[in-house]
Amino acid sequence: MEAIQLQETALGQLLVSSRAIAQVAERSLDECYGVVGLGRGARIRRAFALRRRHGVEVVAAEQGGVELTLAVVIAYGLNLAEVAATVRSRVSYEVERVTGLEVARVEVRIDDVRSGS
Amino acid sequence: MSDPGAESRVAGAELALVRRLALAALEALERERQRIDGLNVYPVPDGDTGLNLLLTVRALVEELDAAESSAAATFRRDFARSVLMRARGTSGVILSQIVRGAVEAAPASEPVGGRALAAMLESARAAAFSAVARPAEGTILSLMRELSDEARRLRRKTMPLEQRLAALVERGEQALERTRTQSRVLGEAGVVDAGAAGLLVCLRAVARELAGEPVVENTASLRLVSS
């Protein structure tokens, strides 16, 4: 599992797993308006990308911070671009707030559209 | 002779009334926009809730204007879809879902009585809640649920529509105040929810317009920010 550095201190590094970051992103996705489910999985870009079945992929960005790929199912009838934009802003705000890491990039992938529950 | 499109057709007089009510909501949002923006600390504190609601209701009024010349059989469906497509931000998208639900359940021609209003708000509530996996408490959704509950509670009571809406506004004021304690983020910031405040601004404007009350802002009764 990939670990991402939060801080480098004299006593050693503080690390957070990409799984933990994915959990934060998932919880936030569940409350995003318009999102009725998570996608089949983010595109696997690296061998250690995780939790593919839950639709959130987290990798360390080359220039620091993290990159997120969010695969979602959106409610039918809504403006997809508008929902995707609010998903991006909400999830990146939440991940930055909880981890203190910079979210360098967020890709939102709409896997499917279906009627809400 | 039966007309298959009659149920979705909207008479000119009704459309004019709906437009007048929507315009009242738009004007109220224009006045209150900055105050609503200032409440926006959740989910992302980017201070755009008032603007998003304003742009969404402006789009709604424009769609009504565009429809005024045609009373097509598909008017309701087309109108609801257009507003959904033009909605801005989370609060705007939820408001457009509320509008869709209410429009779908609105009676074809008879006046809106207690049962019809309760059915419209129940449909609006269902539409609003249909597009989120885990609804957060202390939001525009919480207010919508309470408005729907209140309309159902009053549905068998005989009273004019104006009085019914006044009761909804009163319940809405209480529900808005409750958002402070329903959400930790709002409680810490000492504010009510911005989206719920915006929906209540719209409802209050509609109620006043129907009652023929002069539009004088009673700042004390707004209670948007903690005193």
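Me: Start with helix α2(B). What do its buried residues pack against?
Reply: This is a predicted model. In it, the buried residues of α2(B) pack against α1 (12-39), α3 (75-86), α4 (89-105) and α9 (194-211) of chain B.

Me: Which residues of α2(B) are called buried, and what makes them so?
Reply: Among them are B:Leu51, B:Leu53, B:Leu54, B:Val57, B:Leu60 and B:Leu64. The label requires 20 or more other C-beta atoms within 10 Å of a residue's own. B:Thr49, B:Gly50, B:Asn52 and B:Thr56 are buried too.

Me: How do you know what span to expect for α2(B)?
Reply: Take 1.5 Å times one less than the number of residues. Helix α2(B) covers residues 49-67, which is 19 residues. The expected span is 27 Å, and the first and last C-alpha atoms are 27 Å apart.

Me: What makes α9(B) "largely enclosed"?
Reply: Of its 18 residues, 15 are buried, so the rest of the structure largely encloses α9(B). Its span agrees with expectation as well: 26 Å between the end C-alpha atoms, against 26 Å at 1.5 Å a residue.

Me: Why is the bond from B:Tyr42 to B:Pro43 called cis?
Reply: Its omega is near -5°, and the bond is cis. Most peptide bonds are trans. B:Pro43 sits in the loop between α1 and α2 of chain B.

Me: Now chain A. What makes β5(A) and β6(A) a pair?
Reply: Pairing needs at least two bridges. Strands β5(A) (residues 66-75) and β6(A) (residues 103-114) share 10 and run parallel. So they qualify as a pair. One of the bridges links A:Val73 to A:Asp112.

Me: Which helix lies on the path between those strands, and what is the handedness?
Reply: The chain goes from β5(A) through helix α2(A) (residues 80-99) to β6(A), a right-handed β-α-β crossover.

Me: Where is confidence in chain A highest and lowest?
Reply: The highest mean is 96, in α2(A), and the lowest is 80, in strand β1(A). Chain A averages a pLDDT of 86, with 85% of its residues at 70 or more.

Me: How many residues form the contact between the chains?
Reply: Chain B gives 16 residues and chain A gives 19. On the chain B side, α4(B) gives the most, with four residues. That side has 11 nonpolar, three polar and two charged residues.

Methods. Residues are numbered from 1 along each chain as its sequence is written. Chains are lettered from A and ligands numbered from 1 in the order in which they are written. This is a predicted model: local features need pLDDT of at least 70, side-chain atom pairs count only at pLDDT 80 or more; totals for chains, interfaces and linings use all residues. Helices (H or I, at least four residues) and strands (E, at least two) are DSSP runs, numbered from the N terminus. A crossover is right-handed if, with the strands pointing away from the viewer, the path from the first strand over the helix to the second runs clockwise. A residue is buried if 20 or more other C-beta atoms lie within 10 Å of its own, exposed if 12 or fewer, and partly exposed in between; C-beta atoms are placed from the backbone. Two residues are in contact if their C-beta atoms, placed from the backbone, lie within 7 Å. Ala, Val, Leu, Ile, Met, Phe, Trp, Tyr, Cys and Pro count as nonpolar, Asp, Glu, Lys and Arg as charged, and the others, Gly among them, as polar. pLDDT is the predictor's confidence in each residue, from 0 to 100.
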